[in-house]
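Subject: Structure handover

Hello,

Here is the structure I promised to pass on. Please open it first, then read my notes below.

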Amino acid sequence: MSSFNSLLEGFASALTLSNLGFGLLGTFLGTLVGVLPGIGPALAIALLLPITYTVSPASALIMFAAIYYGAMYGGSTTSILLNTPGESGSVMTALEGNKMARKGRAGAALATAAIGSFIAGTIATAILAFTAPSIADLAIKVGAADYVALMLLAFTTVSSLLGSSAIRGFIALAVGLVLGLVGADLQSGLARLTFGNMSAIEGIETVPVIVAIFALGEALYIASRFKKEGWNILPMKGKALMTRDDWKRSWKPWIRGTAIGFPLGVIPAGGSEVPTFLSYAVEKNLTKHPEEFGDGAIEGVAGPEAANNANAAGALVPLLALGLPTSATAAVILVAFQTYQIQPGPTLFLTDGALVWTLIASLFIGNALLLILNLPLVRLWVQLLKVPRPYLFAGIVTFALLGSYALNTSTFDVQVAIAIGVVGFLFRRYGMPITPLILGLILGPNLELQFRRALQISAGDYGTLVASPLSKVIYLVLFLVLVGPLVWNFKKKLALKK
Amino acid sequence: MKLPQGAKSELTFVGSLFALGLLVFWDTARSEPPAFNLTISPKVFPYAVALFLMGLSAFQIIKILRGDVATPEGLNPGDPIEKSDYKNFVLVLASLFAFLLLIERAGFIVAASVTFFGITVAFDNKKPLRAALFGFIFVVAIYIFFTQFLNVALPAGIFKGFV
């Protein structure tokens, strides 16, 4: 069956009255949580995961897709009106969008962000729908050794591109790999790092780790350092509408942002930071109004917002086709799939084809619902920004603990969450990025599995790890990612000396 | 040798990560793999992870001693690093432990209400009575939503039969 027909079936499955109801609820809740200051899409999705625990997989996926887009949209509202980006991908939106809001143009900034996100999300999801199955077809031919190389590349790019230094990123990754080791080895049954605790035999659940490292870590960090700092909410005048000139200045940045964001999501380029910065730089170079940049240029909101959303959809390609998350948000989505007993990877389209096409159709529907629902409701979301900080953090912590406990109704998961919350605090205090830890925890066991599989096939010959042409190319790219910045810095130092 | 501000505490943190690597190494060394023949021992990967973490931590310790001190999240490089307010840190942590201790003894509503109140205190809320009341109503609403509408099992505890 062609992708188009499968997609139509996905729409047929998604467009029932009850599923649309779940979609609306997801959009509402996703925006509600995403709009809260300091909460990025990854945490918003993780906090709302318990809501989908007991719903049927198809309804859960629809709700989940709506939560996903809602959280992304909510984040841009906070960036524009409050200048507190919940994730690195919204930094550029905050830069220009907040300046626009200061000039009384918050409505136009919110509208270009929402419409740009919708257009980018729709185009990117369409490309995803027609490319992911082909990539999955190719991926079936990818061997275990190639997977090892791909995962090492994902680890390297994410660890070296995020945070203040590559070494701190790699330390964060190593801590994630240690967490992934806990429990019984799947092949031999050997207990690792359990120290006699029977609850630890099944390993550490990823949901408590994700909610704790984001939510509890943030609460501990803010309480101990920034609790006295307030937020300066900018008033929003009029409606979220754009003038004819705003449209004229926005449509090209939307398209360019999509073109930059999508491919950089497909390759593991460390999340949405690089594409949004790149899109901002491109718009700054191409604009006819350079004097407005840094002072509230609409192109500086339109481009990066489109890049951010297209990047998020692009990251779903390696996630669905290869089972490889390349950002914190993608990692949370992987965990969500696993809670619905779906394992992303090359065989996903064969084993759970109907569900995946429902998800892809849901992404289109969630995106459209968002635009229909949220532009008129923007004033309601603005009110949410006024939630006092003590109540905000108390609510976030309550949800995080609820999510940790409700997964298995187990206090062991709560213990893990508290311990990881302290780790999250320490990581923030010592400038270590969090995403590599999450990737290490999620992909570590998979890396070991593929590593051992490759060596079992080759009867223990380590040469098999670099034998295929694909793995050779990947290791070459990996080498360039590692050595490139060193050479660049060395050249810069030499130039400075001269 | 005079260390820059924040270096000592970072050395302690990175030193503890080195110790974590040692712990993984020790745990792997003392474990007995099953007798059946495996091409690749289940010890290979944990050893690699332990050495990776120890090597990176040792390298970072050297970098800290040479002056590369971390910038806490939310600050710019070179900003003065204020000391953490550990009173509030302990208050948040105590609120988290209260949830752990109470959830299966007194039920979700009591555990989450106590945690909610504790967090508002840590964040300098000036109206404790209002926070306690709001927290209780909020938690009861969440409890009803999750147990009645989403069928998520949460312990009722002392409120069994009431909610």
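Which residues have the most contacts inside the largest nonpolar core? They are I45(A), A46(A), A215(A), A219(A) and A400(A). Bear in mind that this is a predicted model.

The core itself has 208 residues. Helix α6 of chain A, residues 106-139, gives the most to this core. Its contribution is 18 residues. At least three residues of the core come from each of domain 1 (7-65) and domain 2 (86-159) of chain B.

Take A46(A) as an example. Beyond its neighbours within four places in sequence, A46(A) is in contact with V207(A), I210(A), V211(A), F214(A) and V332(A).

Now the two domains of chain B. The domain assignment places domain 1 at 7-65 and domain 2 at 86-159. Their centres, taken over C-alpha atoms, are 38 Å apart.

Next, the contact between the chains. Chain A puts in 59 residues and chain B puts in 62 residues. On the side of chain A that touches chain B, these elements of chain A give two or more residues:

- α8 (166-181)
- α9 (206-225)
- α18 (389-408)
- α19 (411-429)
- α20 (435-457)

Which of them gives the largest share? That is α18(A), with 12 residues.

What is the make-up of this side of chain A? It divides into 35 nonpolar, 15 polar and 9 charged residues.

Best wishes

Note on methods
Residues are numbered from 1 along each chain as its sequence is written. Chains are lettered from A and ligands numbered from 1 in the order in which they are written. This is a predicted model: local features need pLDDT of at least 70, side-chain atom pairs count only at pLDDT 80 or more; totals for chains, interfaces and linings use all residues. Domain bounds come from an automatic or database domain assignment. A nonpolar core is a set of buried Ala, Val, Leu, Ile, Met, Phe, Trp, Tyr and Cys residues joined through C-beta atoms within 7 Å. A residue is buried if 20 or more other C-beta atoms lie within 10 Å of its own, exposed if 12 or fewer, and partly exposed in between; C-beta atoms are placed from the backbone. Helices (H or I, at least four residues) and strands (E, at least two) are DSSP runs, numbered from the N terminus. Two residues are in contact if their C-beta atoms, placed from the backbone, lie within 7 Å. Ala, Val, Leu, Ile, Met, Phe, Trp, Tyr, Cys and Pro count as nonpolar, Asp, Glu, Lys and Arg as charged, and the others, Gly among them, as polar.
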